[in-house]
Amino acid sequence: MSGWVERRDDDTDVDHRGSYCELEINRGDCMSFDELQARWQAHDHEGQLNIDSDALLEEVRRNQRDFEKRMWRRDFGEVTAAVLVTFIFGTLAVLMDQWSLFLGAAGSLFVSIFMVFDRLKQRRQRTTVADSLPSAINASLVQVQHQIWLLRNILWWYLLPLVPGLVAILVSTSRESQGNGLADQLVIAFVGLICLLAFWGVYWINQREITRSLEPRRMELEELRASLSSGGIEG
Amino acid sequence: MTVDDQEAVFQQWIRNHLGIMVKVVRSFADVSADREDLLQNVFVNPWSSIPSFRGDSKESTWIYRVSLQTAMVWRRGERVRKKHHSKHLNEIAVVAQSSADVSCQTSELIEQLYSEIRQLPKIDASIALMHLDGIAYRDIAEVLGISENYVGVKLSRIRKELNERLGGTKR
């Protein structure tokens, strides 16, 4: 292996063959990269790691099943909650024949439909482990970007559609209880304030999640993708 | 492919290529809890990838590809949010812990190398790891989806950087 030694400002020599002097100070000589590579390859990296492959296989399968169940439960839970609210509003609206409840049902129906479509679309776009590395990074990036989009626009697809129904219910309740005195009106106003705070809280938590977690993740993945792109993606 | 075939292949891969998975984990995670988490993920993905493996590339290259893919998109600390780890997965984590313990017994040279690899950007760490393992440029390029020339360019930079980081300024 040929190499050269250059003089640096700090008066130390740099061996461009790739020497690893600090590692071999006791021997008083430097190690070439080939030697380092040979040591790396000769080293027992697994050490005392003994794995019962049957037990591991069972765990891996269990893990995969759990993951799929978890994803299914999450999607099912979110959609079911929205459908349930729609159903409750719808049933009350039919039973009580109140336009404000119909408006509430329509708002939560919109949210339910949006969530179902979004989940179905995301499931179709899910990547497989056999995809190339650039594809896997792209898929992760698309997921994160979509999550950011969802949370950033939560006001439009989740909060605002519920507002007309909620306002209508509060207004109609307020009108109906006009003869019952100030206390009832104050209670209704208090409920309205609690709803407003809850909506603001949901919005704030989601925007914080974007800043704290999703944006750094997106930047990290974009950096990864850029470092692969500059090398001419083949896969 | 039948489930029995998939199981047989998985067990063979674990027997023959466990070292690759361990090296990937140790190159991307330094804290024992992170290693446990990453190791669990690294074990699952080769299993899922078996039906897609057609033998066009070497097994070792495939395992590298799947393991590195997992490590690249894995996020340190994400384990904190996972509350659904089963009891059995925690038992596997004990195995991962023993891997971390072993690292204390390995030579200083290898530990120092792992430590330096972990400081590199993820793509560079992957290239360094495969290069140290003697994987051909073509296979490294295939695993990462980049050109062979770029692997060469990257490697010369990585070797120089490792040299500097490991204190190769004395002679």
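This is a predicted model: local features need pLDDT of at least 70, side-chain atom pairs count only at pLDDT 80 or more; totals for chains, interfaces and linings use all residues.
User: Which order of elements does chain A follow from the N terminus on?
Analyst: Helices (H or I, at least four residues) and strands (E, at least two) are DSSP runs, numbered from the N terminus. Chain A has seven helices and two strands. From the N terminus on, its elements run β-β-α-α-α-α-α-α-α.

User: How many helices does chain B have, and what part of its residues is buried?
Analyst: Chain B has eight helices and zero strands. Buried means under 20% relative accessible area, exposed over 50% and partly exposed in between, with a 1.4 Å probe and protein chains only. Among the 171 residues of chain B, the buried part is 58%.

User: What share of the contacts in chain A with a separation of 6 or more comes from residues 24 or more positions apart?
Analyst: Contact means heavy atoms within 4.5 Å. In chain B, residues 24 or more positions apart account for 75% of the contacts with a separation of 6 or more. For chain A, the corresponding share is 59%.

User: At what angle do helices α1 and α2 of chain B pack, and in which handedness do they cross?
Analyst: Axes are lines fitted to C-alpha atoms, for helices over the stretch in contact, and angles run from 0 to 180 degrees between N-to-C directions. Helix α1 (residues 3–28) and helix α2 (residues 32–49) of chain B have their axes 9 Å apart. A crossing is left-handed if the near helix is turned anticlockwise from the far one by less than a right angle, and right-handed if clockwise. The angle is about 145 degrees, and the crossing is right-handed.

User: Which residues of α2(B) make the contact with α1(B)?
Analyst: From α1(B), the contributors include B:Phe10, B:Trp13, B:Ile14 and B:Leu18. On the side of α2(B), the contact is made by B:Arg35, B:Leu38, B:Leu39, B:Val42, B:Phe43, B:Pro46, B:Trp47 and B:Ser49.

User: Which helices of chain B do the buried residues of α1(A) pack against?
Analyst: In helix α1 (residues 33–42) of chain A, the residues A:Phe33, A:Leu36, A:Gln37 and A:Trp40 are buried. They cover an arc (that of the directions from the helix axis to the C-beta atoms) of only 100 degrees around the axis, which puts them on the same side of α1(A). An α-helix has 3.6 residues a turn, so residues three or four places apart point the same way. The partners in chain B are α1, α5 (108–119), α6 and α8 (148–165).

User: Why does the pair of A:Phe114 and A:Trp157 count as stacked, and how far apart are the ring centres?
Analyst: Rings of Phe, Tyr and Trp (its six-membered ring) pair if their centres lie within 6.5 Å, with planes under 30 degrees apart counted as stacked, over 60 as edge-to-face and the rest as tilted. A:Phe114 lies in α3 (residues 99–124) and A:Trp157 in α5 (residues 154–159) of chain A, so the pair ties together parts that are 43 residues apart in sequence. A:Phe114, A:Trp157 and A:Tyr158 form one aromatic cluster. The planes of A:Phe114 and A:Trp157 are at 20 degrees, so the pair is stacked, and the ring centres are apart by 4.8 Å.

User: Is A:Asp97 buried or exposed?
Analyst: A:Asp97 lies in the loop between α2 (53–96) and α3 of chain A. Its phi is near 50 degrees, a positive value in a residue other than glycine. At a relative accessibility of 64%, A:Asp97 counts as exposed.

User: Which residues does B:Ser126 touch, leaving out those up to four places away in sequence?
Analyst: B:Ser126 is found in helix α6 (residues 122–132) of chain B. With a relative accessible area of 0%, B:Ser126 is buried. The residues that B:Ser126 touches are B:Phe28, B:Leu68, B:Met72 and B:Leu144.

Note on methods. Residues are numbered from 1 along each chain as its sequence is written. Chains are lettered from A and ligands numbered from 1 in the order in which they are written. Side-chain values use heavy atoms; hydrogens and water are left out.
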